[in-house]
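Let's take a friendly walk through a protein model together. Have a look at the chain first, and then we will go through its features one by one.

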Amino acid sequence: MDEAIKRIKKDFNSQLEIASSSSEIDQIKVRFLGKKGPIQDLMRSLKDVSREERPKVGKMINDLKEELSHSCQHTFDALLHKEEKIKLESQKMDVTLPGRKRFLGRPHPITQIVTDILAIFKEMGFSIQYGPNIESDFYNFESLNFPEDHPARDMQDTFYFSKEMLLRTHTSNIQVRLMEKEDLPIRVACPGKAFRNENISARSHVFFHQIEGVYIDKGVSFGDLLATLKAFFSKIFKREIKMRFRASYFPFVEPGLEADIECLVCSAKGCKICKETGWLEVAGAGMIHPNVLKAGKIDPEEYSGFAWCFGIERLQMLLHNIKDIRLFTENDQRFLSQF
């Protein structure tokens, strides 16, 4: 038995010395300590040992089993430590080398200008509120004095979910909602998206951003509207801006107007951007129609108000001489990184 044990130990050690991976150590462990290994053969041979010698021989076999198992584990740990050390060496870095520059993100140009616009309106005494993108026909059209046969109700202009629900076509849908829930006087600016079923081009898109302004109180006049528009555009362009106002029709205001500013690209001399007129349209506005006030449960004999709406993309295009509205939605880093 002693000779058999010595032979097993010698054979085991010779194989363990040349093992170069954890998988080879596992194979050696199974080969010697497994059910078909020499240790099990020795255990089975105990039946041939005399009863007096059996405890002694059994202890020798168990000691051998523990020794081989311990040797496997020790070699495995040493090899694992060596592999980890090699791995760490390969991953070692020179901390004195300059790091990779990480560029900070920045707000989208639309977000930037909306932030600037809202700051101006807050300074002018307006609070900020938001309206829903998915709207009912009542708040988007009917309450705003749109006749049933008005072209804007046509499917060619509006995205309908059903006969009653649609994607809002303007931020003016907030007007009657404000009148229903706010105490008078009302002085609110409402930014948001609008959606229209139009052909996408350099000048128009199926969705865009607007800001609606509403002011309702006793004695609000047309002069207040003109003064507010002039003050705002002077603040956003950071200088006095020459403006003109033209009569125009919108169902929810009476009288209505369109506001133009002198072309900033050509200094009002005439160019392709202003179509050689020297003027650029920037906003639609007017005194809130009595029918709209009535829809909001406000007495038009006692109260009056004005509203205006202008496109955010159009304003940003004017500020930075951008000629294509599609650039705002294409996620082109060459364009966005300029802001």
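Proline 185 sits in the loop between helix 7 and strand 4. Helices (H or I, at least four residues) and strands (E, at least two) are DSSP runs, numbered from the N terminus. The bond that leads from leucine 184 into proline 185 is a cis peptide bond, with omega near 0°.

A word on where this comes from: the model is predicted, so local features need pLDDT of at least 70 and side-chain atom pairs count only at pLDDT 80 or more, while totals for chains, interfaces and linings use all residues. Residues are numbered from 1 along each chain as its sequence is written, and side-chain values use heavy atoms, with hydrogens and water left out.

Most residues other than glycine have a negative phi, and most peptide bonds are trans.

| Residue | Phi | Relative accessible area |
|---|---|---|
| Lysine 238 | about 60° | 73% |
| Asparagine 331 | near 60° | 57% |

Lysine 238 is found in the loop between helix 8 (222-236) and strand 6 (243-248), and asparagine 331 in the loop between helix 10 (312-320) and helix 11 (333-336). Are they buried or exposed? Lysine 238 counts as exposed, and so does asparagine 331. Here, buried means under 20% relative accessible area, exposed over 50%, and partly exposed in between (1.4 Å probe, protein chains only).

**Strand 4 and its partners**

Strand 4 (residues 186-195) is mostly covered, with eight of its ten residues buried. Two strands pair if DSSP finds at least two bridges between them. Strand 4 runs antiparallel to strand 5 (residues 207-217), joined by ten bridges, and pairs in the parallel sense with strand 1 (residues 127-128) over two bridges. Valine 188 takes part on both sides: it is the bridge partner of serine 127, and it stands opposite valine 214 in strand 5.

**Helix 7**

Which residues of helix 7 (residues 174-181) are buried? They are Ile174, Gln175, Val176, Leu178 and Met179. These buried residues pack against helix 6, strand 4, strand 5, strand 8 (279-288), helix 9 (290-295) and strand 9 (304-311).

**A nonpolar patch**

On the surface, Ile134, Phe161 and Met165 form a nonpolar patch with about 290 Å² of accessible area together. Phenylalanine 161 lies in the loop between helix 6 (137-140) and strand 3 (165-167) and is exposed, at 53% relative accessible area.

**The whole protein**

In total, the protein has eleven helices and nine strands. Its radius of gyration, taken over C-alpha atoms, is 41 Å. That is well over the 20 Å that the globule rule (2.2 Å times the number of residues to the power 0.38) gives for 339 residues, so the protein is more spread out than a compact globule. The C-alpha trace spans about 120 × 45 × 35 Å along its principal axes. Buried residues make up 42% of the 339 residues.

Methods. Patches are made of residues with over 30% relative accessible area and no salt bridge: like charges are joined within 9 Å, nonpolar side chains (Val, Leu, Ile, Met, Phe, Trp, Tyr) within 5 Å. Accessible areas come from the Shrake-Rupley method with a 1.4 Å probe; for residues, only the protein chains shown count as cover. A salt bridge is a side-chain nitrogen of Lys or Arg within 4 Å of a carboxyl oxygen of Asp or Glu. Contact means heavy atoms within 4.5 Å.
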